[in-house]
Amino acid sequence: MMELKVDLGERSYPIYIGEGILDDIVDLFNKHRISKLSPILLVTDDQVAEFHLDKVLELLLKGGFQVVSSIIPAGEKSKSIAQFEDLITVAIESGLDRKSTVVALGGGVVGDLAGYVAASYMRGIAFVQIPTTILAHDSSVGGKVAVNHPLAKNIIGAFHQPELVLYDIATLRTLPERQIKAGLSEVIKHGFIRDADFVAWIDHNAYKLLELDSEALEFALYHGCRIKSIIVSQDERENNLRAILNLGHTIGHALEAVAKYNGLLHGEAISIGMVGAARLSVLLGNPEHIYTETKRILRKLGLPIQLPKQLDIDEIMVAMMHDKKFDSGRMTFIIPTEIGEVEISNQVTLEQVSQVLEQLKQEE
Ligand SMILES: NC(=O)c1ccc[n+]([C@@H]2O[C@H](COP(=O)([O-])OP(=O)(O)OC[C@H]3O[C@@H](n4cnc5c(N)ncnc54)[C@H](O)[C@@H]3O)[C@@H](O)[C@H]2O)c1
Ligand SMILES: [Zn+2]
């Protein structure tokens, strides 16, 4: 088992990563003083519940915890005010109090929703994350919790750090293949931002990662979380530096919006967005290999690198301007300046962006 400390002063917390560590849940909960006297609200979705809920429930009940479980429908639609309200209703009816804990068993959707319930109920109670997707390594660091509004994603939220994160690699074995690849997109994003050695390691171990090799995954999730935690420790509330975590997201978010959230998974859209950012980098005068290497490695991970031809460039541009402020025809982008290094640039012109989007349709 590896342990990573996310360093945030008195809000610091550990992330435990390892194969089979769910078996240690009771010891870890005891170690972190999760209350046995107040009920725990365990939130999961219907797909995760099928594979992993019984085990977690059984272990916690045997360990002397009082647990109420609530199963939400799988999918982004559950990150809603309506679902939030339902969970608050369950919390009240089940007698959760100030010493209670909300436990999120699932991917980023369950983590963000349950985390927002924990942040809001009685002005904030304890929160524990048990991530079950690779992508959720990202949401397990930094304390951002949120639900969506019909007009904007993640617009209603808070910063609420967990007590601990328990990341059992064994739970990832039931993930659909497409979700595995999409999750790896955010893992390598952390390498592209800050750590060329980690990118090289992922390049060499891509096949092991895709096969969910235990040791390789433990290493990759640890380093993905580590890089993010270093950045978050320096800028917990995203005043500036934390923005570099959005590499590939300006284009990626616009693609998700235009594809109406069901054509592309988040990690897939980010993969295309990272190729776009690398192309912009070359347009701004950086070396060509930034683009060729970015594309080669993402393709090796089985991720899409081409913008779906049916998506309309003008619509994507409009979605991007919706998402981002732009001054006198220029947009702010996270631009790779080398593999493993990025800068925040506000020198990107709208013409350059639309040129890159056209190029992204031609990628092979
Ligand atoms: N808070 C943050 O910092 C942060 C960071 C990144 C992403 N996010 C959010 O995370 C969400 C995306 O996360 P995600 O990709 O994990 O999505 P998700 O939670 O929807 O999970 C993806 C799918 O996989 C299923 N699933 C999850 N674990 C499984 C398992 N072990 N076996 C089988 N199926 C399983 C789920 O039921 C779902 O259908 C988005 O809402 C995004 O905004 C938040
Ligand atoms: Zn992301």
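Residues are numbered from 1 along each chain as its sequence is written, while chains are lettered from A and ligands numbered from 1 in the order in which they are written. Because the model is predicted, local features need pLDDT of at least 70 and side-chain atom pairs count only at pLDDT 80 or more, although totals for chains, interfaces and linings use all residues; side-chain values use heavy atoms, with hydrogens and water left out.

The zinc ion (ligand 2) is coordinated by Glu186 (OE), His249 (NE2) and His266 (NE2), at 1.9 to 2.1 Å, where donors are N, O and S atoms within 2.8 Å of the metal (3.2 Å for Na, K and Ca) and where, as water is not among the atoms, sites may look incomplete. Along the chain, the donors of this zinc ion have the spacing E-x62-H-x16-H. Glu186 belongs to helix α6 (residues 177-194) and His249 to helix α9 (residues 249-258), so the pair ties together parts that are 63 residues apart in sequence; helices (H or I, at least four residues) and strands (E, at least two) are DSSP runs, numbered from the N terminus. Both Glu186 and His249 are buried, a term for under 20% relative accessible area, with exposed for over 50% and partly exposed in between (1.4 Å probe, protein chains only).

Of the 18 residues of α6, 13 are buried, so this helix is largely enclosed by the rest of the structure. The end C-alpha atoms of α6 are 27 Å apart, which agrees with the 26 Å that its 18 residues should span at 1.5 Å a residue, the expected span being 1.5 Å times one less than the number of residues.

Helices α9 and α10 (residues 266-283) pack at an angle of about 135°, with their axes 7 Å apart; axes are lines fitted to C-alpha atoms, for helices over the stretch in contact, and angles run from 0 to 180 degrees between N-to-C directions. That angle makes α9 oblique to α10, given that angles under 35 degrees count as roughly parallel, over 145 as roughly antiparallel, 65 to 115 as roughly perpendicular and the rest as oblique. Residues in this contact (heavy atoms within 4.5 Å) include His249 of α9 and His266 of α10. Helix α10 also packs with helix α13 (residues 350-362), at an angle of about 125° and with the axes 10 Å apart, and these two helices are therefore oblique to each other. Among the residues that make this second contact are Ile272 and Arg279 of α10 and Val353 and Gln359 of α13.

Met317, which lies in helix α12 (residues 313-323), is buried, with a relative accessible area of 8%. Leaving aside neighbours within four places in sequence, Met317 is in contact with Leu350, Val353, Ser354 and Leu357.

In helix α11 (residues 289-300), the residues Ile290, Tyr291, Thr294, Lys295, Ile297 and Leu298 are buried, and the buried residues of α11 pack against α6, α7 (196-210), α10 and β11 (330-338).

Most residues other than glycine have a negative phi. Arg33, in the loop between α1 (25-31) and β3 (40-45), has a positive phi of about 55° although it is not a glycine, and at 73% relative accessibility Arg33 counts as exposed. Asn154, placed in strand β8 (residues 152-159), likewise has a positive phi, near 55°, but counts as partly exposed at 37% relative accessibility.
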